[in-house]
Amino acid sequence: PSREVASIKWQGESLDNPEGPATQAAPVQNGMYTLEVSDIYGCLATDSLAVTIRQNYADRIYTPNVFSPNGDGNNETFVLQAQPATVRSVRSLRVLSRWGAVAYECRDCGWQSGGVGWNGDVGDQPAKPGVYIWVAEVEFVDGMTQTFRGDVTLLR
């Protein structure tokens with residue numbers, strides 16, 4: 001407003017600055033956000049915004065379909081990646097050969113900003129080039145868990 005603002009109040013889930021002119025939120029469920037502004041004369045203005053959280057988790061996870069752990073510094077690791085601030089943890093990640101042998105397994109992997117992944121070794125030996133199947137159980141920040149599957153080609 002053209003007059004001096006006396007107070008600003010935001011209401012809603014997970015606000016980082018509920019009494020400032022700008023705030024950020026990271027909601028994990030549907031909700032309503034309300035802004036109330038008053039000026040030095042007591043005039044009040046309010047507005048609300050309904051937020052709907054998408055429950056489609058498939059677009060939050062990304063995995064490459066090819067990697068090449070050959071020491072050239074490019075695509076060295078098969079990494080499960082996610083959109084920022086969406087994953088709480090990777091409960092498990094398994095990579096299997098086409099014959100079903102476990103090439104890599106991680107349980108309670110946690111989550112790092114760079115992702116969770118396989119370096120292309122089986123034990124202490126480089127895995128053979130080929131197509132591998134992967135299965136991951138991912139827990140999201142809203143508490144939902146989903147299993148993802150796919151394949152990845154290892155090139156040397």
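Predicted model: local features only at pLDDT ≥ 70, side-chain atom pairs only at ≥ 80, totals over all residues.

**Stop one: a sheet of three strands**

Select S4, S6 and S9 together. These three strands make an open sheet, in the order S4-S6-S9, with antiparallel pairing. At the edges are S4, residues 61-62, and S9, residues 116-118, each of which pairs on one side only.

Now colour S6, which covers residues 78-82. How many bridges link S6 with S9? There are three, and the two strands pair in the antiparallel sense. To see a facing pair, show Leu80, which stands opposite Val116 of S9.

Turn next to the S4 side, where two bridges join S4 to S6, again antiparallel. Pick Tyr62 here and you will find its bridge partner, Gln81, in S6.

**Stop two: Trp111**

Select Trp111, in the loop between S8 and S9.

Leaving out residues up to four places away in sequence, Trp111 touches Leu80, Gln81, Ala82, Val87, Arg88, Ser89, Val90 and Val116. Leu80 and Val116 are the facing pair from the sheet. For a distance check, pick the C-alpha atoms of Trp111 and Arg91: they are 9.2 Å apart, while the two residues are 20 apart along the chain.

**Stop three: Thr86**

Move to Thr86, in the loop between S6 and S7. Thr86 has a relative accessibility of 10% and is counted as buried because the limit is under 20%. Beyond residues up to four places away in sequence, Thr86 touches Arg60, Phe140 and Val141.

**Stop four: the largest nonpolar core**

Select Val95, Trp118, Tyr132, Trp134 and Val138. Within the largest nonpolar core, which has 24 residues, these five touch the most other members. Which elements give two or more residues to this core? They are S6, S7 (87-96), S8 (102-110), S9, S12 (130-140) and S13 (145-154). S12 provides the largest share, five residues.

Centre the view on Tyr132. Apart from neighbours within four places in sequence, Tyr132 is in contact with Val95, Leu96, Ser97, Ala103, Trp118, Ala127, Gly150, Asp151, Val152 and Leu154.

**Stop five: the largest pocket**

The pocket has a volume of about 230 Å³.

Which strand gives the most to this lining? S12 does, with three residues. S8 and S12 each supply at least two lining residues. Colour the lining by class to finish: nine residues are nonpolar, two are polar and two are charged.

Technical notes: Residues numbered from 1 in each chain as written. Heavy atoms only, no water. Pairing = 2+ DSSP bridges. Helix = DSSP H or I, 4+ residues; strand = E, 2+ residues; numbered from the N terminus. Core = buried A, V, L, I, M, F, W, Y, C linked by side-chain atoms within 4.5 Å. Buried < 20%, exposed > 50% of the residue type's maximum accessible area, 1.4 Å probe, protein only. Contact = heavy atoms within 4.5 Å. 1 Å grid on protein atoms, 1.4 Å probe; cavity = no way out; pocket = protein on both sides within 12 Å on 5 of 7 lines; lining within 4 Å. Points joined across faces, edges and corners; volume = space filled by probe spheres on them. Nonpolar A, V, L, I, M, F, W, Y, C, P; charged D, E, K, R; others polar.
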